[in-house]
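Q: Please take a close look at one helix in this structure and at what surrounds it. I would like one connected account.

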Amino acid sequence: MPELPEVETVRRMLAEAVPGRRVARANVSGKRLRTSSLVRLPTQLRARTFAMPRRIGKFLLLDLDGGFTLLSHLGMSGRWLFWPPGRKPDAALEHVHLKIAFADGAALWFQDVRRFGMLRVLPTAKLARDASLRLLGPDPLAEPRDGDALRAAARGSRTSIKVWLLDQRRIAGLGNIYASEVLFRAGVDPRRRAGALDAEAWRRVAREVPAVLEESIARMGTTFSSYRTLWNEPGQYGEQLLVYDRGGEPCRSCGTPVRRIVQAGRSTYFCPTCQRARPRRSSPRPRLSNR
Ligand SMILES: [Zn+2]
(Lines give C-alpha, C1' and ligand atoms only; values in the text may rest on other atoms or scores of the structure.)
Protein backbone atom coordinates (compact mmCIF):
# COMPACT_ATOMS: atom_id res chain seq x y z
CA MET A 1 0.00 0.00 0.00
CA PRO A 2 1.49 3.36 -0.96
CA GLU A 3 2.61 5.43 2.01
CA LEU A 4 3.64 9.06 2.29
CA PRO A 5 6.94 8.75 0.33
CA GLU A 6 5.26 7.06 -2.61
CA VAL A 7 2.43 9.60 -2.67
CA GLU A 8 4.92 12.49 -2.35
CA THR A 9 6.94 11.04 -5.25
CA VAL A 10 3.79 10.99 -7.39
CA ARG A 11 2.93 14.54 -6.25
CA ARG A 12 6.35 15.89 -7.25
CA MET A 13 6.04 14.32 -10.68
CA LEU A 14 2.49 15.62 -11.12
CA ALA A 15 3.84 19.05 -10.12
CA GLU A 16 6.08 18.94 -13.18
CA ALA A 17 3.33 17.63 -15.44
CA VAL A 18 -0.10 19.10 -14.81
CA PRO A 19 -0.01 22.77 -13.65
CA GLY A 20 -1.42 25.06 -16.32
CA ARG A 21 -2.86 22.22 -18.39
CA ARG A 22 -6.55 22.50 -19.34
CA VAL A 23 -8.86 19.50 -19.52
CA ALA A 24 -10.41 19.01 -22.95
CA ARG A 25 -12.44 15.97 -21.90
CA ALA A 26 -12.49 13.26 -19.26
CA ASN A 27 -13.82 9.71 -19.53
CA VAL A 28 -14.52 7.22 -16.75
CA SER A 29 -14.71 3.43 -16.76
CA GLY A 30 -18.22 3.22 -15.35
CA LYS A 31 -16.93 1.19 -12.40
CA ARG A 32 -17.03 2.44 -8.82
CA LEU A 33 -13.93 2.94 -6.71
CA ARG A 34 -14.45 1.80 -3.15
CA THR A 35 -14.79 5.30 -1.74
CA SER A 36 -16.22 7.17 -4.68
CA SER A 37 -18.54 7.03 -7.64
CA LEU A 38 -16.99 8.51 -10.78
CA VAL A 39 -20.10 9.31 -12.79
CA ARG A 40 -19.94 13.09 -12.29
CA LEU A 41 -16.21 13.46 -12.94
CA PRO A 42 -16.37 14.10 -16.73
CA THR A 43 -18.69 17.09 -16.17
CA GLN A 44 -16.82 18.33 -13.09
CA LEU A 45 -13.43 18.22 -14.83
CA ARG A 46 -14.37 19.58 -18.26
CA ALA A 47 -12.50 22.79 -19.16
CA ARG A 48 -10.82 22.96 -15.74
CA THR A 49 -7.14 23.93 -15.53
CA PHE A 50 -4.86 22.18 -13.06
CA ALA A 51 -2.85 24.18 -10.51
CA MET A 52 0.09 23.00 -8.35
CA PRO A 53 -0.77 19.66 -6.66
CA ARG A 54 -0.65 19.40 -2.88
CA ARG A 55 -0.48 16.49 -0.46
CA ILE A 56 -1.73 15.84 3.07
CA GLY A 57 -0.67 12.48 4.46
CA LYS A 58 -1.50 9.93 1.77
CA PHE A 59 -4.05 12.20 0.03
CA LEU A 60 -3.27 14.07 -3.17
CA LEU A 61 -5.06 17.41 -3.58
CA LEU A 62 -5.10 18.30 -7.26
CA ASP A 63 -6.33 21.88 -7.24
CA LEU A 64 -8.26 23.10 -10.27
CA ASP A 65 -9.27 26.60 -11.29
CA GLY A 66 -12.71 27.87 -10.35
CA GLY A 67 -12.28 26.89 -6.68
CA PHE A 68 -12.39 23.11 -7.09
CA THR A 69 -10.04 20.29 -6.09
CA LEU A 70 -9.71 16.75 -7.40
CA LEU A 71 -9.12 14.77 -4.21
CA SER A 72 -7.27 11.53 -4.83
CA HIS A 73 -6.10 8.57 -2.75
CA LEU A 74 -4.13 5.70 -4.28
CA GLY A 75 -5.74 3.11 -1.98
CA MET A 76 -3.99 -0.24 -2.42
CA SER A 77 -3.04 -0.10 -6.08
CA GLY A 78 -3.92 3.31 -7.57
CA ARG A 79 -1.50 4.81 -10.10
CA TRP A 80 -1.40 8.13 -11.94
CA LEU A 81 0.13 7.90 -15.40
CA PHE A 82 1.08 10.84 -17.62
CA TRP A 83 1.94 11.21 -21.28
CA PRO A 84 3.24 14.53 -22.65
CA PRO A 85 1.87 15.92 -25.93
CA GLY A 86 2.88 13.77 -28.88
CA ARG A 87 3.17 10.55 -26.84
CA LYS A 88 0.35 8.10 -27.27
CA PRO A 89 -1.12 6.61 -24.07
CA ASP A 90 -0.91 2.85 -23.81
CA ALA A 91 -4.37 1.86 -25.07
CA ALA A 92 -3.85 -1.74 -23.93
CA LEU A 93 -3.71 -0.76 -20.23
CA GLU A 94 -6.50 -2.33 -18.22
CA HIS A 95 -8.26 -1.13 -15.06
CA VAL A 96 -8.04 2.54 -16.09
CA HIS A 97 -10.91 4.36 -14.37
CA LEU A 98 -10.25 7.96 -15.38
CA LYS A 99 -8.77 9.22 -18.66
CA ILE A 100 -8.10 12.94 -18.89
CA ALA A 101 -7.26 14.38 -22.31
CA PHE A 102 -5.68 17.83 -22.05
CA ALA A 103 -6.26 20.54 -24.62
CA ASP A 104 -2.56 20.47 -25.64
CA GLY A 105 -2.60 16.71 -26.37
CA ALA A 106 -1.13 15.49 -23.06
CA ALA A 107 -2.95 12.74 -21.16
CA LEU A 108 -3.37 11.86 -17.48
CA TRP A 109 -4.85 8.49 -16.49
CA PHE A 110 -5.76 6.88 -13.19
CA GLN A 111 -5.36 3.12 -13.08
CA ASP A 112 -6.50 1.08 -10.09
CA VAL A 113 -6.62 -2.71 -10.27
CA ARG A 114 -8.12 -3.29 -6.83
CA ARG A 115 -10.32 -0.16 -6.83
CA PHE A 116 -9.66 0.90 -3.23
CA GLY A 117 -8.63 4.36 -4.43
CA MET A 118 -10.49 7.66 -4.38
CA LEU A 119 -11.23 10.31 -7.01
CA ARG A 120 -13.63 13.10 -6.05
CA VAL A 121 -14.08 16.69 -7.14
CA LEU A 122 -15.21 19.06 -4.40
CA PRO A 123 -15.02 22.77 -3.61
CA THR A 124 -11.53 23.59 -2.32
CA ALA A 125 -13.11 25.62 0.50
CA LYS A 126 -14.84 22.47 1.81
CA LEU A 127 -11.72 20.26 1.92
CA ALA A 128 -10.88 20.90 5.56
CA ARG A 129 -14.35 19.78 6.65
CA ASP A 130 -14.49 16.73 4.37
CA ALA A 131 -14.93 13.45 6.21
CA SER A 132 -11.81 11.94 4.64
CA LEU A 133 -9.46 14.76 5.73
CA ARG A 134 -11.14 16.16 8.85
CA LEU A 135 -9.71 13.60 11.28
CA LEU A 136 -6.20 13.41 9.81
CA GLY A 137 -3.33 14.20 12.15
CA PRO A 138 -0.50 16.56 11.19
CA ASP A 139 1.57 15.68 8.13
CA PRO A 140 5.00 14.66 9.46
CA LEU A 141 6.91 16.59 6.77
CA ALA A 142 4.74 19.72 6.53
CA GLU A 143 4.27 19.93 10.32
CA PRO A 144 7.08 17.97 11.99
CA ARG A 145 6.73 17.56 15.77
CA ASP A 146 9.44 17.06 18.36
CA GLY A 147 9.59 14.24 20.88
CA ASP A 148 7.83 16.21 23.60
CA ALA A 149 4.89 16.99 21.29
CA LEU A 150 4.54 13.36 20.23
CA ARG A 151 4.83 12.19 23.81
CA ALA A 152 2.11 14.61 24.88
CA ALA A 153 -0.12 13.38 22.04
CA ALA A 154 0.35 9.78 23.22
CA ARG A 155 -0.16 10.46 26.92
CA GLY A 156 -2.29 7.77 28.50
CA SER A 157 -2.37 5.64 25.35
CA ARG A 158 -2.36 1.92 26.07
CA THR A 159 -1.85 0.89 22.46
CA SER A 160 1.56 -0.27 21.24
CA ILE A 161 3.91 2.33 19.78
CA LYS A 162 3.81 0.55 16.39
CA VAL A 163 0.02 0.63 16.17
CA TRP A 164 -0.01 4.22 17.49
CA LEU A 165 2.32 5.35 14.69
CA LEU A 166 -0.05 3.81 12.09
CA ASP A 167 -3.06 5.76 13.39
CA GLN A 168 -3.73 8.39 10.70
CA ARG A 169 -5.44 10.59 13.31
CA ARG A 170 -2.04 10.87 15.08
CA ILE A 171 0.36 11.14 12.15
CA ALA A 172 -0.94 11.41 8.58
CA GLY A 173 0.86 9.29 6.03
CA LEU A 174 2.95 6.88 8.06
CA GLY A 175 2.16 3.26 7.21
CA ASN A 176 3.32 -0.24 7.89
CA ILE A 177 6.69 -0.22 6.12
CA TYR A 178 8.00 3.03 7.54
CA ALA A 179 6.64 2.48 11.05
CA SER A 180 8.83 -0.64 11.35
CA GLU A 181 11.83 1.21 9.89
CA VAL A 182 11.38 4.22 12.21
CA LEU A 183 11.22 2.05 15.33
CA PHE A 184 14.28 0.02 14.34
CA ARG A 185 16.33 3.15 13.72
CA ALA A 186 15.07 4.65 16.98
CA GLY A 187 15.92 1.45 18.87
CA VAL A 188 12.40 1.15 20.26
CA ASP A 189 10.60 -2.16 20.80
CA PRO A 190 7.39 -2.00 18.69
CA ARG A 191 5.43 -3.78 21.46
CA ARG A 192 5.96 -1.06 24.05
CA ARG A 193 2.94 1.00 25.05
CA ALA A 194 2.91 4.39 23.36
CA GLY A 195 1.82 6.05 26.60
CA ALA A 196 4.72 4.50 28.54
CA LEU A 197 7.58 5.56 26.25
CA ASP A 198 10.05 7.90 27.93
CA ALA A 199 11.09 11.32 26.63
CA GLU A 200 14.38 10.05 25.23
CA ALA A 201 12.70 7.30 23.20
CA TRP A 202 10.14 9.78 21.84
CA ARG A 203 12.98 12.14 20.91
CA ARG A 204 14.55 9.38 18.80
CA VAL A 205 11.20 8.44 17.21
CA ALA A 206 10.49 12.10 16.39
CA ARG A 207 13.90 12.40 14.73
CA GLU A 208 13.56 9.22 12.67
CA VAL A 209 10.02 9.80 11.33
CA PRO A 210 10.96 12.64 8.92
CA ALA A 211 14.45 11.20 8.33
CA VAL A 212 13.15 7.85 7.07
CA LEU A 213 10.43 9.51 4.98
CA GLU A 214 12.84 12.00 3.37
CA GLU A 215 15.37 9.27 2.54
CA SER A 216 12.66 7.20 0.91
CA ILE A 217 11.35 10.16 -1.10
CA ALA A 218 14.89 10.78 -2.34
CA ARG A 219 14.77 7.25 -3.80
CA MET A 220 11.23 7.62 -5.17
CA GLY A 221 9.68 5.42 -2.52
CA THR A 222 9.55 1.69 -1.97
CA THR A 223 8.22 -0.55 -4.68
CA PHE A 224 5.80 -3.25 -3.66
CA SER A 225 3.06 -4.86 -5.73
CA SER A 226 1.81 -2.33 -8.25
CA TYR A 227 3.36 0.95 -7.11
CA ARG A 228 5.15 2.85 -9.86
CA THR A 229 6.05 6.46 -10.33
CA LEU A 230 4.25 8.66 -12.84
CA TRP A 231 6.73 7.50 -15.50
CA ASN A 232 6.05 3.84 -14.72
CA GLU A 233 9.36 3.38 -12.89
CA PRO A 234 9.77 1.39 -9.67
CA GLY A 235 10.89 3.11 -6.47
CA GLN A 236 14.33 2.25 -5.12
CA TYR A 237 14.02 2.52 -1.35
CA GLY A 238 13.30 -1.22 -1.02
CA GLU A 239 17.03 -1.93 -1.18
CA GLN A 240 17.52 0.36 1.84
CA LEU A 241 14.96 -1.23 4.15
CA LEU A 242 16.60 -2.36 7.38
CA VAL A 243 13.94 -4.63 8.89
CA TYR A 244 10.71 -4.48 6.88
CA ASP A 245 9.98 -7.78 5.07
CA ARG A 246 13.26 -9.24 6.35
CA GLY A 247 11.85 -11.77 8.83
CA GLY A 248 14.48 -14.41 9.73
CA GLU A 249 17.28 -12.53 7.98
CA PRO A 250 20.18 -11.17 10.04
CA CYS A 251 19.82 -7.69 11.51
CA ARG A 252 22.02 -5.36 9.49
CA SER A 253 23.35 -3.92 12.74
CA CYS A 254 23.93 -6.90 15.07
CA GLY A 255 23.21 -10.09 13.11
CA THR A 256 20.30 -11.27 15.30
CA PRO A 257 17.53 -12.74 13.10
CA VAL A 258 14.87 -10.10 12.40
CA ARG A 259 11.55 -11.08 14.01
CA ARG A 260 8.15 -10.82 12.40
CA ILE A 261 5.11 -10.45 14.64
CA VAL A 262 1.51 -9.43 13.91
CA GLN A 263 0.07 -6.32 15.59
CA ALA A 264 -3.51 -5.21 14.86
CA GLY A 265 -3.56 -7.54 11.88
CA ARG A 266 -0.40 -6.11 10.27
CA SER A 267 3.13 -7.49 10.12
CA THR A 268 5.74 -5.81 12.27
CA TYR A 269 9.46 -6.47 11.76
CA PHE A 270 12.02 -5.70 14.42
CA CYS A 271 15.37 -6.75 15.88
CA PRO A 272 14.86 -8.21 19.36
CA THR A 273 18.42 -7.19 20.30
CA CYS A 274 18.70 -3.66 18.93
CA GLN A 275 15.13 -2.78 19.96
CA ARG A 276 15.18 -4.19 23.45
CA ALA A 277 13.73 -1.98 26.16
CA ARG A 278 16.72 -0.40 27.89
CA PRO A 279 17.19 -2.14 31.27
CA ARG A 280 17.08 0.10 34.34
CA ARG A 281 20.46 0.08 35.99
CA SER A 282 19.03 0.77 39.43
CA SER A 283 16.79 -2.28 39.51
CA PRO A 284 18.30 -5.21 37.63
CA ARG A 285 15.87 -8.01 36.92
CA PRO A 286 16.40 -10.74 39.54
CA ARG A 287 17.52 -14.04 38.09
CA LEU A 288 15.04 -16.68 39.15
CA SER A 289 16.14 -20.24 39.49
CA ASN A 290 13.91 -22.97 38.04
CA ARG A 291 14.46 -25.21 41.04
ZN1 LIG B 1 20.02 -5.89 15.73
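A: The buried residues of helix α1 are L4, P5, E6, V7, E8, T9, V10, R11, M13, L14, A15 and A17. That makes 12 of the 14 residues in α1, so the helix is mostly covered, taking under 20% relative accessible area as buried. The model is a predicted one. Helix α1 covers residues 4-17, and its 14 residues should span 20 Å at 1.5 Å a residue; the end C-alpha atoms are 20 Å apart, which agrees.

The covered residues of α1 pack against the strands β2 (54-56), β3 (59-64), β5 and β7, and against the helices α6 (176-186) and α7 (199-218).

Charged side chains also occur in α1. E8 and R12 form a salt bridge, with 2.7 Å between the closest N and O atoms. The two residues are 4 apart in α1, so about one helical turn separates them. An α-helix has 3.6 residues a turn, so residues three or four places apart point the same way. E8 counts as buried because its relative accessibility is 5%, whereas R12, at 40%, is partly exposed. Salt bridges with shared partners join E8, R11, R12, R55 and D139 into one network.

R55 also takes part in strand pairing, where its bridge partner in β3 is L60. Strands β2 and β3 run antiparallel and are joined by 3 bridges. They form a hairpin with 2 residues between them, and G57 in the turn has a positive phi of about 55°. On its way onward, β3 is joined to strand β4 (residues 68-73) by 6 bridges, again antiparallel. L62 has L70 as its bridge partner in β4. This second hairpin has 3 residues between its strands, and G66 takes a positive phi near 80°.

Strand β3, one of the elements that α1 packs against, is itself mostly covered, with 6 of its 6 residues buried. In a regular strand the side chains alternate between the two faces of the sheet. In β3 both faces are covered: F59, L61 and D63 are buried on one side, and L60, L62 and L64 on the other.

The other two strands that pack against α1, β5 and β7, belong to an open sheet of 4 strands in the order β1-β6-β7-β5, with antiparallel pairing. β1 (23-28) and β5 (78-83) stand at the edges with a single partner strand each, so one side of each is left without a neighbour in the sheet. Neighbouring strands of this sheet are turned by 15° against each other on average, direction ignored. Within the sheet, β7 (residues 107-112) pairs with β6 (residues 96-102) over 5 bridges in the antiparallel sense. There, K99 stands opposite W109 in β7.

The helices that α1 packs against, α6 and α7, are linked by a salt bridge between R185 and E215, whose closest N and O atoms are 2.9 Å apart. This pair links distant parts of the chain, with R185 in α6 and E215 in α7, 30 residues apart. R185 is partly exposed at a relative accessible area of 24%, and E215 is partly exposed at 37%. A further salt bridge joins E208 to R207, at 3.4 Å between the closest N and O atoms. E208 is buried, with a relative accessible area of 9%, whereas R207 is partly exposed at 41%. The whole count comes to 17 salt bridges.

Terms used. Residues numbered from 1 in each chain as written. Predicted model: local features only at pLDDT ≥ 70, side-chain atom pairs only at ≥ 80, totals over all residues. Heavy atoms only, no water. Pairing = 2+ DSSP bridges. Axes fitted to C-alpha atoms, helices over the stretch in contact; angles between N-to-C directions. Expected span 1.5 Å × (residues − 1). Buried < 20%, exposed > 50% of the residue type's maximum accessible area, 1.4 Å probe, protein only. Contact = heavy atoms within 4.5 Å. Salt bridge = Lys/Arg side-chain N within 4 Å of Asp/Glu carboxyl O.
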